[in-house]
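Open the model in your viewer and keep the sequence panel beside it. We will go stop by stop, selecting a few residues at a time.

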Amino acid sequence: MKKRKVNQIVRGQQSIDGAGVRLRRVLGQQTIQAFDPFLMLDGFDSTNPEDYIKGFPWHPHRGMETVTYLINGSMEHSDSLGNKGIIHDMGCQWMTAGSGIIHQEMPFSSPRMLGCQLWINLPAKDKMAPPAYREIKKEDINVVKEENATVRIVSGSYRGNHSSFEGEYIKVTYLDVELSAGSVWTYGEIPNDHTLFIYLLDGTLAADEKLKDFEKKGCAVLFRASESEESENEPIQVKAGDEGARFVLLAAKPLRETVSWGGPIVMNTKEEVLDAFQELKNNSFIKHK
């Protein structure tokens with residue numbers, strides 16, 4: 001059986017965002033085309049609260065969804081819709097910015113802050129959809145336990161098991177996968193025309209054809225299927241290193257639309273981005289309350 005092959009490995013680089021949060025910026029404007037419809041991925045991993053405690057004070061978004069998932073730690077969310085909530089270990093905040101929202105994300109001090117924030121692009125026809133916020137608690141996430149793996153289904157499905165939540169605009173498969181040391185894991189439920197990548201949160205993982213070259217935590221690995229019309233849902237195969245591995249798997253159908261990105265605003269044209277910033281200046285940015 002043909003398998004998806006590693007097409008690209010992105011290790012990212014240390015960055016500072018928000019009010020002074022130290023993070024690893026893995027995906028960004030340079031990876032838009034290859035990882036479509038996924039725009040950005042920031043990884044958090046620190047045992048020093050000074051790295052993240054200043055958080056992300058009030059700021060706007062338009063034209064995309066932000067998904068924050070924490071393995072360890074806790075973070076409070078507040079927004080212009082009046083939503084307020086706290087996510088804890090293995091909890092998720094899924095926010096659709098749509099036509100425009102203003103929010104803040106403020107972490108609390110914890111022994112370890114480990115997780116990631118993902119930005120998902122919205123189709124042009126849904127850029128100005130009403131904003132929405134969903135809190136996915138640990139107990140809401142379906143867990144599948146196998147001999148050498150534990151798979152948590154944040155969104156989508158896994159071997160006949162479904163998530164409690166599914167995005168309205170982009171159907172994303174979001175799995176949190178924990179592998180025991182030395183175990184091999186194969187997954188083949190994603191159509192070949194979908195983008196599929198994993199982000200390694202902890203441990204080491206081999207993802208090449210011979211399963212011998214191990215990558216360390218903090219990298220994203222993009223897999224590509226063959227272009228053969230005879231092959232469907234080509235699987236990926238990975239192997240955990242001596243310390244095991246913890247990663248998220250993300251997959252969705254690409255939009256293949258133009259992207260114009262200005263800070264927290266992601267639209268299809270430069271004019272739309274400029275309009276958004278003008279609306280922020282004249283207090284007409286928020287369309288739905």
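Which side chain does a polar contact of 3.3 Å join to that of His61? Select His59: its side chain and that of His61 make this contact. A polar contact here is a pair of N or O atoms within 3.5 Å; within protein, one must be able to donate a hydrogen and the other to accept it, and residues adjacent in sequence count only if both atoms are side-chain atoms.

A word on the model before going on. It is predicted, so local features need pLDDT of at least 70 and side-chain atom pairs count only at pLDDT 80 or more, while totals for chains, interfaces and linings use all residues. Residues are numbered from 1 along each chain as its sequence is written, and side-chain values use heavy atoms, with hydrogens and water left out.

**Stop 1: the annotated set**

The unreviewed UniProt entry annotates them as "binding site". UniProt positions are given in the numbering used here, feature names are shortened, and annotations may be inferred rather than shown by experiment.

**Stop 2: His61**

Zoom in on His61, in strand E5 (residues 56-61). Strands (E) are DSSP runs of at least two residues, helices (H or I) of at least four, numbered from the N terminus. His61 counts as buried because its relative accessibility is 3%. Buried means under 20% relative accessible area, exposed over 50%, partly exposed in between (1.4 Å probe, protein chains only). Beyond its neighbours within four places in sequence, contacts of His61 include His103, Trp119 and Phe285. Contact means heavy atoms within 4.5 Å.

**Stop 3: His103 and the sheet**

Move to His103, in strand E10 (residues 101-107). At 1% relative accessibility, His103 is buried. Its contacts, again leaving aside neighbours within four places in sequence, include His59, His61, His77 and Asp79. His103 is also the bridge partner of His59.

Now show the strands. E5 and E10 pair in the antiparallel sense over 4 bridges; two strands pair if DSSP finds at least two bridges between them. Strands of a sheet pair through backbone hydrogen bonds, either parallel or antiparallel. The open sheet has 4 strands, in the order E5-E10-E7-E8, with antiparallel pairing. At its edges are E5 and strand E8 (84-87), each pairing on one side only.

**Stop 4: His288**

Select His288, in the segment after helix H2 (270-281). His288 is partly exposed, with a relative accessible area of 30%.

**Stop 5: Ser163**

Finish at Ser163, in the loop between strand E16 (161-162) and strand E17 (173-179). At 16% relative accessibility, Ser163 is buried. Its side chain reaches the backbone oxygen of Phe165 at 2.5 Å. Aside from neighbours within four places in sequence, Ser163 contacts Ile153, Val154, Ser155 and Gly156.
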